[in-house]
Amino acid sequence: MIHCALRVLYLSILVSFAACNAPPVPLDDILIEKTFVPEQCVRAVKVGDYVRYHYIGMFPDGKKFDSSYDRGSTYNVFVGKKQLIEGMDKALVGMCVNERRLVKIPPRLAYGKQGYGDIIPPDSILHFDVLLLDVWNPEDGVQVKTYHTPPTCSRKVEVSDFVRYHYNGTLLDGTLFDSSHTRMRTYDTYVGIGWLIAGMDQGLLGMCVGEKRIITMPPSLGYGENGDGSDIPAQASLVFDVVLLDLHNPRDGIAVTNQQVSESCTRKTVAGDFVRYHYNGSLLDGTFFDSSYSRNRTYDTYVGRGYVIAGMDEGLIGACVGERRTITIPPHLAYGEEGTGTKIPGSAVLVFDIHIIDFHNPSDNTVVTVTHKPELCDKVTKKGDFIKYHYNASLMDGTSIDSTHNYGKTYNVVLGANQIVPGMEDGLMDMCVGEKRHLIVPPHLGYGERGVTDEVPGSAVLVFDIELVEMEEGLPDGYMFIWNDDVSPDLFAEMDHNKDEQVEPSEFTDYITRQVNEGRGRLAPGFDPYRIIDNMFSNQDRNGDGKITTEEFKLKADEASAHDEL
């Protein structure tokens with residue numbers, strides 16, 4: 001009988017065969033010499049198994065009469081079903097994959113007295129150098145061996161899931177025929193719907209992301225009787241070393257987990273809010289792809305308006321300031337089949353660990369909370385009042401920005417004079433001395449989209465804790481000077497100190513200053529008094545010649561719209 005064969009793995013045994021020139025020794029049964037035994041033998045050949053092996057057939061004198069190596073293909077056959085000479089049927093039983101045996105077969109268990117044509121003479125003892133490459137049984141199914149299990153597994157592969165995995169594909173003897181690693185890209189496919197060979201479709205079921213397993217399948221669940229035409233022989237068992245990197249189902253929505261919410265959450269984000277948040281972005285297997293922390297600035301965007309990927313738009317709704325949450329986004333709500341090129345693969349599930357720093361709505365006003373109010377409060381602040389107050393300023397996450405206490409003095413402003421941000425202006429109105437307030441100021445009433453370099457981030461919500469220390473009542477709206485007493489009927493003459501029928505700037509300044517010092521008049525508090533007086537003089541000096549004449553001089557009551565005159 002002539003054996004068919006696969007490729008040559010070892011040929012050195014020919015030397016030892018050639019050395020055997022002694023006369024043949026009569027044999028009653030086969031003799032087996034194990035010339036190589038693998039360290040591991042997960043399965044030994046049994047009667048009824050199908051095997052693939054290489055062989056070299058020789059006579060005792062070392063003369064070769066046949067070789068599977070010469071034909072470039074293994075010999076493939078069932079064991080124990082009389083498809084082989086009787087001696088080989090016996091010799092293959094108990095062999096392990098990659099084991100080599102030198103088998104000596106007597107004539108009665110080979111070709112006996114008839115021999116085999118012109119190739120094997122009658123009563124020939126035959127020697128076979130056998131290398132077993134594959135073994136399987138028609139009753140075999142897929143065998144799965146998990147050798148790494150991730151610490152957590154929230155979900156396992158099910159039929160119709162889409163998976164991304166890496167693999168090394170080998171034959172049962174360890175010969176590599178394919179690898180996703182060499183292509184540096186995962187294999188991406190649906191499971192259980194016929195897109196894969198049957199054995200892989202079965203072998204991937206039940207896997208967790210991060211799990212590593214060996215999937216072994218008989219040819220009936222691989223590439224069958226024909227192989228793949230190139231790297232996978234006919235009737236070959238296949239072994240896949242698989243690591244699962246990603247898993248989702250087209251029906252999946254986002255998943256929000258690991259929520260850490262402050263007990264003081266009084267408001268949650270809604271569509272249309274503007275949110276500032278930090279994030280770490282990774283793939284489902286933990287591979288990092290981006291972080292706002294590495295750029296040392298938050299990601300700032302409107303939510304619910306399509307400014308970010310759909311999954312993030314949804315995942316940021318219902319969050320509190322200071323909240324931390326994990327948002328898992330399937331690819332159809334992220335970057336889809338194409339991904340982003342280098343960082344995010346196609347069809348990748350994304351995981352974002354989010355920290356909400358602050359949020360506001362463009363329609364928000366300053367939120368004023370009174371934290372302390374004195375029992376006696378007979379006068380409250382209004383536009384034009386000159387006030388002195390202390391404040392502590394911070395961001396919504398508690399980051400300190402500034403404090404008057406650091407400088408040991410109050411902050412002093414005139415309300416309504418645009419000396420502070422509008423939100424603070426609002427928060428200081430109708431306040432009594434000794435009162436304390438907590439203000440939340442949205443950015444459009446604070447420092448806007450630009451913020452303050454190295455102090456206040458752009459679009460930041462501000463928090464102020466304020467205490468009103470002192471208040472000086474301002475003048476009526478539109479006035480920078482008022483009389484406390486009746487106006488003198490000889491006002492111009494009193495100003496004209498040298499009686500030359502005109503008032504010089506020095507005369508005007510001396511006169512107004514004296515009225516203020518003696519309590520008969522009052523300048524608007526909080527402003528430079530000399531600038532106010534200069535402005536008053538300029539308004540009276542109508543022709544701009546540096547002096548006021550009787551024709552130019554008018555009282556406030558005589559003016560239709562001027563604000564700084566007498």
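1. A polar contact of 2.6 Å joins the side chains of Ser68 and His54. Polar contact here is a pair of N or O atoms within 3.5 Å; within protein, one must be able to donate a hydrogen and the other to accept it, and residues adjacent in sequence count only if both atoms are side-chain atoms. Ser68 lies in helix α2, residues 68-71. Helices (H or I, at least four residues) and strands (E, at least two) are DSSP runs, numbered from the N terminus. Ser68 counts as buried because its relative accessibility is 0%; buried means under 20% relative accessible area, exposed over 50%, and partly exposed in between (1.4 Å probe, protein chains only).

2. On the basis of the note: this is a predicted model, in which local features need pLDDT of at least 70 and side-chain atom pairs count only at pLDDT 80 or more, while totals for chains, interfaces and linings use all residues. Residues are numbered from 1 along each chain as its sequence is written, and side-chain values use heavy atoms, with hydrogens and water left out.

3. The protein chain is assigned domain 1 (31-136), domain 2 (143-248), domain 3 (255-360), domain 4 (367-472) and domain 5 (481-549). These bounds come from an automatic or database domain assignment.

4. The centres of domain 4 and domain 5, taken over C-alpha atoms, are 35 Å apart. Their contact (heavy atoms within 4.5 Å) involves 6 residues from domain 4 and 4 residues from domain 5. About 350 Å² is buried between domain 4 and domain 5, with carbon and sulfur atoms giving 68% of that area. Buried area is the accessible area (1.4 Å probe) that two parts lose on being put together, summed over both. On the domain 4 side, Phe386, Val414 and Glu472 lose the most area to domain 5, together 72% of what that side buries.

5. By class, the side of domain 4 that touches domain 5 has 3 nonpolar, 2 polar and 1 charged residues. In this classing, Ala, Val, Leu, Ile, Met, Phe, Trp, Tyr, Cys and Pro count as nonpolar, Asp, Glu, Lys and Arg as charged, and the others, Gly among them, as polar.

6. The salt bridge count comes to 26, a salt bridge being a side-chain nitrogen of Lys or Arg within 4 Å of a carboxyl oxygen of Asp or Glu. One of them pairs Asp29 with Lys90, with the closest N and O atoms 2.9 Å apart. This pair links distant parts of the chain, 61 residues apart: Asp29 is in the loop between α1 (13-18) and β1 (31-36), and Lys90 is in helix α3 (residues 86-92). Asp29 counts as partly exposed at 34% relative accessibility, and Lys90 counts as partly exposed at 37%.

7. Arg43 and Asp140 meet through their side chains in a salt bridge of 2.7 Å, N to O. The two lie 97 residues apart in distant parts of the chain, Arg43 in the loop between β1 and β2 (50-58) and Asp140 in the loop between β6 (126-136) and β7 (143-148). With a relative accessibility of 23%, Arg43 counts as partly exposed.

8. The salt bridge between the side chains of Arg267 and Asp364 is 3.1 Å, N to O. Here too distant parts of the chain are linked, 97 residues apart: Arg267 sits in the loop between β13 (255-260) and β14 (274-283), Asp364 in the loop between β18 (350-360) and β19 (367-372).

9. A network of salt bridges links Lys379, Lys382, Asp385 and Glu473.

10. Two serines deserve a look for backbone geometry. Most residues other than glycine have a negative phi. Ser160, in the loop between β7 and β8 (162-171), has a positive phi near 85°. Ser347 has a positive phi of about 60° and is placed in the loop between β17 (324-329) and β18. Ser347 is buried, with a relative accessible area of 10%.

11. Gly199 is in helix α5 (residues 198-203) and is buried, with a relative accessible area of 0%. Leaving aside neighbours within four places in sequence, Gly199 is in contact with Val142, Ile215, Met217 and Leu221. The C-alpha atoms of Gly199 and Gln540 are separated by 100 Å, the residues being 341 apart along the chain.
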